[in-house]
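Dear colleague,

Please find the structure below, handed over for your review.

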Amino acid sequence: MPDVTKTTAVEAAAEMPVATKVADGGEASGKPRSLWGDAWRDLRRRPLFVISATLIVLLVLVAAFPGLFTDANPESGDLQKHFLEKPSLGHFFQADWFGYDRQGRSIYARVVFGARNSIMVGLGVTILVTVFGGLIGMLAGYFGGFWDSLLSRIVDVFFGIPFLLGAMVVLNAFTDRTAMVIIGALAFLGWTQIARVMRGAVITTKHADYVMAAKALGAGTRRILFRHILPNALAPVIVVATISLGTYIVAESTLSFLGLGFGNDSFSWGSDISDALNDIRNNPHTLIFPAGMLSITVLAFIMMGDAVREALDPKLR
């Protein structure tokens, strides 16, 4: 008499989805791919992600090692020789590629060195708001009740403050506006969106079966939060943070444009755009290149955020 148990097990194994038996290389695998594994596999096939990631890597290299891209001094200028000189392709990747500004300074060199402050501020603010806002949202969503009401009201208070106007008021109190001061001012007002997204994700995740099982097995609050809830609630936060990074770069450039960001002794695309306003009609190159670099940078991070959102959301695949 045949063994019915063995026959049923063999048939069940044969009907098992291919994703649980075969990995990318075609070899047998004992476990299915995770959400992050599927997302990374999907991202590598998206042209939008490849283009945006290439641009971001290039921009980070420019910000980290500006000396590799130009040997010109962005602070020195020759009024007699280079006053508002037009762009030239005669020396590719040299000082006169983008032309010169009203003070005879190389626009290309200033654009290259300006990438450091803009990207550093964007990354710094994004890290701070993700950590702080994510922690606030996670605690509010998990504990609920009184703590949820209290933390949500605090979020509402900060959310009601206009972002740029509040940053202008905060920065106006400082005479020496360094990168850390600007990062702190923007992070102080920009964490509310991440907190709301994390709170909603945690409220959805904390009722999952694996969280209930961890509680039944006696897992502590810290372990449940950081080992079970956080990894599964992090996807929407990463998407919002990636897109918001470009917003913070624009905010820094706007503040520098208004004279409340980096001073004249630092390099910023916003301050260069402000200096170019007087020459926009007769010498548009003084405005086009710093504004174009700012637009490309913001577009790259927005494209990256859209690609990550589509990869992490099964409904958009």
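Eight salt bridges are counted, a salt bridge being a side-chain nitrogen of Lys or Arg within 4 Å of a carboxyl oxygen of Asp or Glu. Please note that this is a predicted model, in which local features need pLDDT of at least 70, side-chain atom pairs count only at pLDDT 80 or more, and totals for chains, interfaces and linings use all residues. Residues are numbered from 1 along each chain as its sequence is written, and side-chain values use heavy atoms, with hydrogens and water left out.

One of the salt bridges joins D272 and R110, at 3.1 Å from N to O. D272 lies in helix α14 (residues 269–275) and R110 in helix α6, so the pair ties together parts that are 162 residues apart in sequence. Helices here are DSSP runs (H or I, at least four residues), numbered from the N terminus. Both D272 and R110 are buried, that is, under 20% relative accessible area, where exposed means over 50% and partly exposed in between (1.4 Å probe, protein chains only).

A further salt bridge links R199 with D148, their closest N and O atoms being 2.7 Å apart. R199 belongs to helix α10 (residues 192–205) and D148 to helix α7 (residues 145–159), so this pair ties together parts 51 residues apart in sequence. R199 is partly exposed, at 29% relative accessible area, whereas D148 is buried, at 12%.

Helix α6 also contains I136, which is buried with a relative accessible area of 16%. The C-alpha atoms of I136 and I194 are separated by 9.1 Å.

Yours sincerely

Key. Helices (H or I, at least four residues) and strands (E, at least two) are DSSP runs, numbered from the N terminus.
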